[in-house]
Amino acid sequence: VEEKMLAEEHPDRLASQHVLAGAYRADGQVQKAVELLEHVVAVQGKVLAEEHPDRLASQHELARAYDADGQVQKAVELLEHIVQVEEKMLAEEHPDRLASQHVLAGAYRADGQVQKAVELLEHVVAVQGKVLAEEHPDRLASQHELAGAYQADGQVQKAVELLEHVVAIKARVLRDDHPSRLVSLEALTMLRAELSMSPTLTCN
């Protein structure tokens, strides 16, 4: 309907396409999501400033679609661009900037760039440590992700110590059967098992 009555660059039409792409991705139709978001991003690139929130949001969604489609390098490149733009316009502790860095770190890890993932997540965790409460979900999520990056980098002892901290905090603030608490507890159990089987593994 909007294609008949709205111009290609109309914000409402682009917003609907953005949401449809997200539905495609959730439905497993990842290629359709990629194609539609590539169109949205291309159109927005003609009519919106580089730092426009809608344009950044569509690029972020496209990066997620690339990742889901196995195009990890494209996801990394797009997320690096988003992070660079946000570094110019958002404060270091802005939640959107930190969230983008968190996602980029995950893409680095998926792309085999584990050291980059570790360094970026250490930065995110350090900034969140200044501005978020110890039990804030975003801070705990970043610490959990950093522990996974440490593990991938062979720094298993560091990973164990960080997850022990995360699990202790979650034990204080979440119920016993909370999914987030159980995920961290399971990850810690597996890490301890890995450490006990490989006593030579230490923090780098």
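Among contacts in the protein between residues at least 6 apart in sequence, what percentage join residues at least 24 apart? The figure is 52%, where contact means heavy atoms within 4.5 Å. The model is predicted, so local features need pLDDT of at least 70 and side-chain atom pairs count only at pLDDT 80 or more, while totals for chains, interfaces and linings use all residues. Residues are numbered from 1 along each chain as its sequence is written, and side-chain values use heavy atoms, with hydrogens and water left out.

The protein has ten helices and zero strands. Both kinds of element are DSSP runs numbered from the N terminus: helices are H or I runs of at least four residues, and strands are E runs of at least two. The C-alpha atoms fill a box of roughly 65 × 35 × 35 Å along the principal axes.

Of the 204 residues, 38% are buried. Buried means under 20% relative accessible area, exposed means over 50%, and partly exposed lies in between, using a 1.4 Å probe and protein chains only.

The largest nonpolar core has 46 residues. Such a core is a set of buried Ala, Val, Leu, Ile, Met, Phe, Trp, Tyr and Cys residues joined through side-chain atoms within 4.5 Å. Elements that give two or more residues to this core include H3, helix H4 (53–68) and helix H10 (179–197). Leu-62 and Leu-104 have the most contacts inside the core. Leaving out residues up to four places away in sequence, Leu-62 touches Val-34, Leu-37, Glu-38, Val-41 and Leu-78. In soluble globular proteins, nonpolar side chains tend to be buried together.

A polar residue can be followed in the same way. Gln-44 lies in helix H3 (residues 30–47) and counts as buried because its relative accessibility is 4%. Its side chain makes a polar contact with the side chain of Ser-58 at 3.0 Å. A polar contact is a pair of N or O atoms within 3.5 Å; within protein, one must be able to donate a hydrogen and the other to accept it, and residues adjacent in sequence count only if both atoms are side-chain atoms. Apart from neighbours within four places in sequence, Gln-44 is in contact with Leu-14, Asp-54, Arg-55 and Ser-58.

Val-1 is found in the segment before helix H1 (2–5). Val-1 counts as exposed because its relative accessibility is 78%. Its C-alpha atom is separated by 53 Å from that of Ala-168, 167 residues apart along the chain.
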